[in-house]
Amino acid sequence: MNRIYLCLAHMSGNEQKFIQEAFDTNWVVPLGPNVNGFEQDLSDFLNSNDNEPNGIQHQVCALSSGTAAIHLGLILLDVKSGDEVICQSFTFAASANPVTYLGAQPVFVDSEPDTWNMDPKLLEEAIVDRISKTGKKPKAIVAVHLYGMPCKMNEILEISKKYDIPVLEDAAEAIGSKYNGAYCGTLGKLGVLSFNGNKMITTSGGGALICKTVEEKQKTTFFATQAREAYPYYQHEQIGYNYRMSNICAGIGRGQMSVLDDHIKHHQWVLTRYRELLADIPAIKVHLAPADGMSLPNYWLTTVTIEGFSIREVEGKKNLLKLIENMSERGIETRALWQPMHRQPVYRNAPSYINGVSDQLFDCGLCLPSGPWVKEEELQYISEALHRLIQD
Ligand SMILES: *Cc1c(COP(=O)(O)O)cnc(C)c1O
């Protein structure tokens, strides 16, 4: 059996056609028909929401990465040097780093145990405390749908409204996840998608910003193409970036859109199979959507917590890193959960509002292979390995 990876890219076969077209028409540049086509496909997908409360037609700007999309999203929200931005602590560093690029200060908020995402109660406490400490409101809230699990958006949006602080949704891992019938990334003021190599779909590298108006999309495109003003010569009145998606990458994206629904269904099926296969290991708890029926995750990665294991050397507990190593020796890639931002040396001085939830998840949590190449045979093999290693 080949090595089993967490989420390996999987091509539909249609990608080559779009790339060939780009070569044939010499559109090997960061704009062109594939970029427009990919943006159209993405917005058609997002606008097929069965519950779009305001009848909004979402606009998508294709960019060079999800990180670039967060960066430009924060610029659209007018985040500037000296501002504070509240960010979920339990996430990948790319959610927070663009705050730092802008000279602003990330303020980290811990998770609640149901979704593993931003705890709305702690969010409000953090806002109130920041206002009292700095005399100034945080400029934005970066909420993440980690591992494709929608965060408690209703509660977070209520707080966003109460304090008039916009929400930037980091849906990098959550394309196709639904909350209250709407796609993740369309619920906040702005939303971010990623098409990096191991995400639900890939353009080799890429991302997108989901906007609510044509003006916002135009502004994003403007900043993504060096903020060049509309003059017959090069005139710049603001600092821009080189963040547009290339026509070649967008060609891969157009091909991938033809299998997006299949990929999502596959990831959801993988979760169901893990639940069945691992049901008789009492130490394993599979991370599932809350029972309130509000959310339908894409289950980008199946994640579990394992009682009796720790990522540190602790007496009386088995070592999680050793388990990862033993799985790897059997040809199976597993991975620890994201290490919370408030634990990262680079953010040790950032203000954080912590309740212990993400620390505990990081201590005993594991990501399991969930991508399109993981089939029944692989799942049974992974399950056998986990049975052996955990129950020994
Ligand atoms: C992947 C990811 C990003 C960044 O996307 P890139 O396309 O890799 O820059 C941001 N946030 C989260 C939660 C991610 O998983």
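## Packing of α10 and α12

In this predicted model, helix α10 (residues 320-329) and helix α12 (residues 376-391) have axes that come within 11 Å and cross at roughly 140°. Axes are lines fitted to C-alpha atoms, for helices over the stretch in contact, and angles between N-to-C directions run from 0 to 180 degrees. Helices α10 and α12 are therefore oblique to each other, the class left after angles under 35 degrees (roughly parallel), over 145 (roughly antiparallel) and 65 to 115 (roughly perpendicular). The crossing of α10 past α12 is right-handed, that is, the near helix is turned clockwise from the far one by less than a right angle.

Helices (H or I, at least four residues) are DSSP runs, numbered from the N terminus. Residues are numbered from 1 along each chain as its sequence is written. Local features need pLDDT of at least 70, side-chain atom pairs count only at pLDDT 80 or more, totals for chains, interfaces and linings use all residues, and side-chain values use heavy atoms, with hydrogens and water left out.

## Two further helix pairs

Helix α5 (residues 120-134) packs against helix α6 (residues 153-163) at an angle of about 20°, and their axes are 9 Å apart. This angle makes α5 roughly parallel to α6. Helix α5 passes α6 in a right-handed crossing.

For helix α1 (residues 15-24) and helix α8 (residues 247-257), the packing angle is about 150° and the axes are 7 Å apart. Helix α1 is thus roughly antiparallel to α8. The α1 and α8 crossing is right-handed.

## Ligand surroundings

The ligand has 16 residues around it, of which Thr67, Asp170, Glu173, Ser194 and Lys199 come nearest; a residue is near if one of its heavy atoms lies within 4 Å. Helix α3 (residues 66-76) supplies the largest share of this shell, 3 residues. By class, the shell comprises 5 nonpolar, 8 polar and 3 charged residues, with Gly counted as polar.

A polar side-chain atom of Glu173 lies 2.5 Å from a ligand oxygen atom. An N or O atom in the side chain of Asp170 is 2.7 Å from a nitrogen atom of the ligand, and a backbone N or O atom of Gly66 lies 2.7 Å from an oxygen atom of the ligand. The protein covers 94% of the 380 Å² of accessible area (Shrake-Rupley method, 1.4 Å probe) that the ligand has on its own.

Note on methods. Polar contact = N/O pair within 3.5 Å; in protein donor to acceptor, adjacent residues only side chain to side chain. Helix = DSSP H or I, 4+ residues; strand = E, 2+ residues; numbered from the N terminus.
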